[in-house]
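This briefing is meant for a reader who is meeting this structure for the first time. Please keep the sequence and the 3D view at hand while reading the points that follow.

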Amino acid sequence: MRRILFLLASHLLVLGVGFGLGVYFLPILTAPDDPPAQQVQAAMEQARYHATFHRDQKGSDALHWADGALSVSATQVAFTGKIAPGPDYKVYLTREFVDTKAGFERIKADAVRIGEVKTFNRFLVEVPPGVDVEEFTTVVVWCERFAQFISAGQYRTPG
C-alpha cells in the first residue's frame with residue numbers, strides 16, 4: 001500500500017512539474033520571430049511619447065515582468081527590451097497608471113485592449129482605428145489567461 005501511494009505521489013509530482021514547464025516553455029517554442037529591430041526602432045523614433053517598463057514594479061515578480069523602452073504614437077505602440085515569456089499577453093491602454101494586479105482589475109472595464117504580445121524581445125502593436133492615445137496615459141501588459149499583471153509604463157501624465 002505504501003508503495004502504491006509513493007508511486008501515485010511521485011507520478012502526480014512529475015505530472016505537475018511537466019505541466020508547469022509546458023506552460024512556461026510553450027510560448028517560447030511557439031513564438032513567432034520578433035519584428036525587425038529596424039522597424040521597431042523607426043516606430044520608436046517617430047513616436048510622440050516614450051516610457052519604460054521596469055522589472056521591479058510592485059505587481060511584477062520573478063515570472064511576470066517586462067524591462068525596456070516603450071514608445072507610443074497615434075498608430076503604434078513599440079517596445080524593445082525583455083518580457084518574461086508567457087501565454088496570452090494582451091496590451092491595454094488605460095487612463096490611470098497602475099502597477100499591480102488589483103489595480104488593473106479595478107480599472108480593466110475602462111481600459112482598451114489594443115493588441116497582443118507573442119514575442120518577448122520586441123513588439124509592435126497597431127493602435128486600432130478609432131482609439132485616440134491622447135485619451136490614455138499608460139500602456140499595460142496583462143496575461144489574460146492567468147489574470148496576471150506583467151508590467152505598465154506611463155507615457156504621459158493625466159490632464
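How many salt bridges does the count come to? In this model, which is a predicted one, the count comes to 7 salt bridges. The points below follow some of these charged pairs, and then turn to a sheet and a helix.

**Salt bridges around lysine 90**

- Side chains of opposite charge can pair when their charged atoms come close.
- Lysine 90 forms a salt bridge with aspartate 88, where the distance from N to O is 3.0 Å.

- The side chain of glutamate 116 takes part in another salt bridge, with lysine 118, at 3.4 Å from N to O.
- Glutamate 116 counts as partly exposed at 38% relative accessibility, and lysine 118 likewise counts as partly exposed, at 47%.
- Through salt bridges that share partners, Asp88, Lys90, Glu116 and Lys118 are joined into one network.

**The sheet of 4 strands**

- Strands of a sheet pair through backbone hydrogen bonds, either parallel or antiparallel.
- An open sheet is built from 4 strands in the order E1-E2-E3-E6, and the pairing is antiparallel.
- Its edge strands are E1 (49–53) and E6 (122–126), each of which pairs on one side only.
- On average, and with direction ignored, neighbouring strands of this sheet are turned by 15° against each other.
- Within the sheet, strand E2 (residues 66–72) pairs with strand E3 (residues 76–83) in the antiparallel sense, over 7 bridges.
- As for individual partners, alanine 69 has threonine 80 of E3 as its bridge partner.

**The helix across the sheet**

- Which strands does helix H2 lie across? Helix H2, made up of residues 37–46, lies across E1, E2, E3 and E6, and runs at about 125° to E3.

Notes. Residues are numbered from 1 along each chain as its sequence is written. This is a predicted model: local features need pLDDT of at least 70, side-chain atom pairs count only at pLDDT 80 or more; totals for chains, interfaces and linings use all residues. Side-chain values use heavy atoms; hydrogens and water are left out. A salt bridge is a side-chain nitrogen of Lys or Arg within 4 Å of a carboxyl oxygen of Asp or Glu. Buried means under 20% relative accessible area, exposed over 50%, partly exposed in between (1.4 Å probe, protein chains only). Two strands pair if DSSP finds at least two bridges between them. Helices (H or I, at least four residues) and strands (E, at least two) are DSSP runs, numbered from the N terminus. Axes are lines fitted to C-alpha atoms, for helices over the stretch in contact, and angles run from 0 to 180 degrees between N-to-C directions. Contact means heavy atoms within 4.5 Å.
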